[in-house]
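The stops below say what to select and what to look for.

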Amino acid sequence: MSNRKIIAVFGATGGQGGGLARAILDDPSGGFALRAITRKLDSPKALELARRGAEVVAADSDDPASVARALQGAYGAYFVTNFWEHFSPEREQAQALAMARAARACKLQHAIWSTLEDSRLYVPLSDARMPTLMGRFKVPHFDAKAEADQYFAQEGVPTTYLLTSFYWENLIHFGMGPKAGPDGRLAITLPLGANKLPGIAVEDIGRCAYGVFLRGNELLGRRVGIAGEHLTGAEMAAQLGRALGREVAYHAIEPNAYRALGFPGADDLGNMFQFNAEFADTFCAARSIAFSRYLNPRLQGFDQWLALNSAGIPIT
């Protein structure tokens, strides 16, 4: 391990970070060693990473001192925050600031910051076609991350800004999978109209991030967007139907109707899908499938992901 560069991975037992952790461990000749950062050293996922040879370190993104300790001696780090854990843009930004300051103090040579677009550059707060949320955001879980980009730049941290896409795992874990109507027919419901949505397997986010680290200085200071496939709602429904062996329809609803569904975060997600739909060409162009495959030759399309995961999609 002493001859390999240490990559500190925040969220190493989660989705994005977990994919990167496994990508590092799966490539022992790649020149990197994994330092898995987690709040719970005794969780099953943390113990499994340790069993596979990772250095597992406790840190809490809300505790700047622990973040700095976790980065000591590291070459690089993967920084990710989870808005959906607490629904607080301010907390997410405080975590990002602590990460950026610790990265500077520890003289990291390569940071990856998992970020997203600032929707307000496209839909100003004064634009009434999309409600303003929390007083100063259109899409809080996008805009807060985008604002935090400046922390890494201001601190002088050598950073690649990674733009992710819609997780296909949302069909499993976020209640977005097919639902049966009164007639028993399955459908997915999204406010996308006929527009394409970039999507990706969470595992491939980690693998693409690993590809960024493998390329050293090539992508420092750049914004890199990744996706496994760009699909319309109808295309997603058709592929879901084939995988599940049952017809799945696509119900395109208006963003206002989606925001009114009332589940936690419905207004944020309704705005997100409206932003994705109204600026679909720009949003897709920022997430090249060919470049994603350049970073990650194992990149999965939606059909490939479904072949591995469709059994886990709850049908309600």
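**Stop 1: helix H13**

Select helix H13, residues 302-309, where Phe302, Trp305 and Leu306 are buried. These three cover an arc of only 100° around the axis, so they sit on the same side of H13. An α-helix has 3.6 residues a turn, so residues three or four places apart point the same way. Now colour Ala307 and Leu308, which are exposed on the other side of H13. Keep in mind throughout that this is a predicted model.

**Stop 2: the seven-stranded sheet**

Next, show the open sheet whose seven strands run in the order E3-E2-E1-E4-E5-E6-E11, with parallel pairing. Which strands stand at the edges? Select strand E3 (55-58) and strand E11 (223-225): each has a single partner strand, so one side of each is left without a neighbour in the sheet. From one strand to the next, the twist averages 20°.

Within this sheet, select strand E1 (residues 5-10) together with strand E4 (residues 76-79). E1 and E4 pair in the parallel sense over three bridges. To find one of the bridge positions, pick Ile7, whose bridge partner in E4 is Gly76.

Then move to strand E2 (residues 32-38) and pick Ala33, which belongs to that strand. Is Ala33 buried or exposed? Ala33 has a relative accessible area of 2%, and since buried means under 20%, Ala33 is buried.

**Stop 3: two loop residues with positive phi**

Select the loop between E4 and helix H4 (89-105), where Phe87 is found. Phe87 is not a glycine, yet its phi is positive, near 60°. With a relative accessible area of 34%, Phe87 is partly exposed.

Go on to the loop between strand E5 (110-115) and helix H5 (140-154), which holds Met134. Here too phi is positive, about 55°, in a residue that is not a glycine. Met134 counts as partly exposed, at 48% relative accessibility.

**Stop 4: the three-stranded sheet**

Hide the previous selections and show the open sheet of three strands, E8-E9-E13, in which the pairing is mixed. E8 and E13 stand at the edges with a single partner strand each, so one side of each has no neighbour in the sheet. How many bridges join E9 and E13? There are five, and the two strands pair in the parallel sense. Pick Leu190 and look across to E13, where Ala252 stands opposite.

**Stop 5: the second largest pocket**

Rolling a probe the size of a water molecule over the atoms shows where empty space is left. The second largest pocket holds about 320 Å³ of space. Its lining has 19 residues, and those nearest the centre are Gly177, Lys179, Ala187, Ile188 and Thr189.

Strand E8 (179-180), strand E9 (186-190) and strand E13 (248-252) each supply at least two residues of this lining. Which element gives the largest share? Select E9, which contributes five residues. Finally, colour the lining of the second largest pocket by class: 11 residues are nonpolar, five are polar and three are charged.

Notes: Residues numbered from 1 in each chain as written. Predicted model: local features only at pLDDT ≥ 70, side-chain atom pairs only at ≥ 80, totals over all residues. Heavy atoms only, no water. Pairing = 2+ DSSP bridges. Helix = DSSP H or I, 4+ residues; strand = E, 2+ residues; numbered from the N terminus. Axes fitted to C-alpha atoms, helices over the stretch in contact; angles between N-to-C directions. 1 Å grid on protein atoms, 1.4 Å probe; cavity = no way out; pocket = protein on both sides within 12 Å on 5 of 7 lines; lining within 4 Å. Points joined across faces, edges and corners; volume = space filled by probe spheres on them. Nonpolar A, V, L, I, M, F, W, Y, C, P; charged D, E, K, R; others polar. Buried < 20%, exposed > 50% of the residue type's maximum accessible area, 1.4 Å probe, protein only. Arc of directions from axis to C-beta.
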